[in-house]
Amino acid sequence: MSDLSHRHEPVGALLDGADPAGESVSELTAEQLGHFETHGYVAGIRILDAGQIAQLRAELEVLMKPEHEGRELWHEYHVNENDDPNAVVFHALGAWRISSGFHDLLWHSAFIGPARQLLEGDVRFWHDQIFSKPARHGGNVAWHQDYSYWTRTKPLGHLTCWIALDDATIDNGCLQYIPGSHRWSLLPKTGLVGDMDAVGDVLDDQQRAAMKNPVAIELRAGECTFHHPMLMHGSGPNRTDRPRRAAVLNVVRDGVRSMSEEPLLAGQPPLGIGTPLGGRFHPLLTEAAAPRD
Ligand SMILES: O=C(O)CCC(=O)C(=O)O
């Protein structure tokens, strides 16, 4: 099994002839940028067409079987982040190293263009994630800020793109945001799964009041939402008959540095303190050239 992290350009057909309906764009409007600035997110951006969704779903089906080829390449692989078999959250980091569609997604102009605008600089890959909740017994992801998990990289210049591989609704556990919370200070980690409201213990009264007004980010399959690394977000359980699968791309503005002597992700060599993210595991992302014949 070859490790696709050696390849810093598309290797398969995911981006060939994409978007027959011409629905995806590679630039956000001033209004969308203003929404991100004010609320900490911008949602409902079409990024994948039906063929791309089908390819990624098929690849994910393979990746979710623990015995698949290339399994040694994951940075993290949790069949269930929870101990509770009735609240399953499949969560894994490193799909881009193993599976061509998840690899090529990084070079998708409909992702890189908006990411460059929101970061106001060149886009460098941090890591990817898969979050998948099965039908009927899918678990919740507790309220958190992404940057609580990333303080080993500085300065703050990070961005999350969450891509729906199924229609995501409040009923099957779509993302929920607390608009404006990206202006809060950094909170400690209080658990990724389990008690949804564990973060309540570390909030002040004003923040606790704001938590009463979450916004459900309902998306059609193939749409994405971008959120700020300090934005408070979480997602509820899935008790519906439909799965809720998502691919997540986490990127940084070029120049963000490692602040750790340890490897930033399991299975990587350490970058050392002060070294900008780069090299094989953190490529600079520029749009793929026009589709090949
Ligand atoms: O998919 C989910 O429910 C949670 C995703 C999340 O927390 C993230 O992408 O930062």
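**Figure 1. Residues around the ligand in the predicted model.** The ligand is surrounded by Phe131, Val141, Asp146, Thr160, Trp162, Leu175, His233, Ser235, Ala246 and Val248. By class, this shell comprises 6 nonpolar, 3 polar and 1 charged residues. At least two shell residues come from each of the strands β7 (158-164), β11 (233-235) and β12 (244-253).

**Figure 2. The open sheet of 4 strands.** The strand order is β5-β11-β8-β9, and the pairing is antiparallel. β5 (141-144) and β9 (215-216) lie at the edges; each has a single partner strand, so one side of each lacks a neighbour in the sheet.

**Figure 3. Pairing of β8 with β9.** Strand β8 (residues 175-177) is joined to β9 by 2 bridges in the antiparallel sense. Tyr177 has Val215 of β9 as its bridge partner.

Figure 4. β4 pairs with β12 in the antiparallel sense through 10 bridges, and Ile130 stands opposite Ala247 in β12.

**Figure 5. Pairing of β4 with β3 and β14.** Strand β3 (residues 90-93) runs antiparallel to β4 and is joined to it by 3 bridges. His91 has Phe131 of β4 as its bridge partner; Phe131 is also one of the residues surrounding the ligand. Strand β14 (residues 284-285) pairs with β4 over 2 bridges, again antiparallel. Here Val123 stands opposite Leu285 in β14.

How values were computed:
Residues numbered from 1 in each chain as written. Predicted model: local features only at pLDDT ≥ 70, side-chain atom pairs only at ≥ 80, totals over all residues. Near = placed C-beta within 6 Å. Nonpolar A, V, L, I, M, F, W, Y, C, P; charged D, E, K, R; others polar. Pairing = 2+ DSSP bridges.
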